[in-house]
Amino acid sequence: MLRLSKLTDYATVILSHIAKENDLTHSAMGVADATGIALPTVSKILKILVNAKVLVSTRGIKGGYALARPPENISVADVISALEGPIALTECSISHEGCEQASGCGISANWGLINQAIQHALEAVTLADMIKPVNVPQEFLIPVSSLYRPI
């Protein structure tokens, strides 16, 4: 199973909050209050996102944090890379140096294709997409006949 860390999940929540009010500068305390994420965790994530150039910070009484680019130009891949490092499903997607099987492996190139497809999918979803409301139907209608297999 592919799984992202809690910090990456929290970073997405934090960035979504900031993107919804993109014209404002946000304090760490304000972000913590609005998102319900603990202040030390928010501060840690904000620092990482500034270092990754996803956010910019301004010091001073009117200082705080803002997106470094419009939400349409920040991809989910940018966020994941900032918190997790390079996006890779397997070690050989990044480098063959850590794999003892690299010399005899016949599928490493295929892992590269899979990794590339996932990278492109994550690059296609932006922060602007993440803050759009999603219409989830309240009710699903499934024909009863589809629940039975023919005998």
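The following paragraphs lead through the fold of a single chain in a predicted model.

The chain contains 6 helices and 2 strands. In sequence order, these elements follow the pattern α-α-α-β-β-α-α-α. Of the chain's 151 residues, 26% count as buried. Among the contacts with a separation of 6 or more, 59% are accounted for by residues 24 or more positions apart.

Helix α1 spans residues 6-20 and helix α2 spans residues 28-35; the two pack at an angle of about 105°, with their axes 10 Å apart. Because angles of 65 to 115 degrees count as roughly perpendicular, α1 is roughly perpendicular to α2. On the α1 side, the contact is made by Val-13, Ile-14, His-17 and Ile-18, which meet Val-31, Ala-34 and Thr-35 in α2. By residue class, this contact comprises 5 nonpolar and 2 polar residues, and no charged ones.

Helix α2 also packs against helix α3, which covers residues 39-51; here the angle is about 120° and the axes lie 9 Å apart. The two helices are therefore oblique to each other, and their crossing is right-handed. Ala-28, Met-29, Val-31, Ala-32 and Thr-35 in α2 meet Leu-39, Val-42, Ser-43 and Leu-46 in α3.

The strands come next. Strand β1, residues 55-58, pairs with strand β2, residues 64-67, in the antiparallel sense over 4 bridges. Within this pairing, Val-56 stands opposite Ala-66 in β2. The two strands form a hairpin with 5 residues between them, and in the turn Gly-60 has a positive phi of about 110°.

Thr-126 is found in the loop between α5, residues 108-124, and α6, residues 127-130. Is Thr-126 buried or exposed? Its relative accessibility is 13%, so Thr-126 counts as buried, the cut-off for this class being under 20%. When its neighbours within four places in sequence are left aside, Thr-126 is in contact with Pro-71, Glu-72, Ile-74 and Ser-75.

Methods. Residues numbered from 1 in each chain as written. Predicted model: local features only at pLDDT ≥ 70, side-chain atom pairs only at ≥ 80, totals over all residues. Heavy atoms only, no water. Axes fitted to C-alpha atoms, helices over the stretch in contact; angles between N-to-C directions. Parallel < 35°, antiparallel > 145°, perpendicular 65-115°, else oblique. Contact = heavy atoms within 4.5 Å. Nonpolar A, V, L, I, M, F, W, Y, C, P; charged D, E, K, R; others polar. Buried < 20%, exposed > 50% of the residue type's maximum accessible area, 1.4 Å probe, protein only. Left-handed = near helix turned anticlockwise from the far one by under 90°. Pairing = 2+ DSSP bridges.
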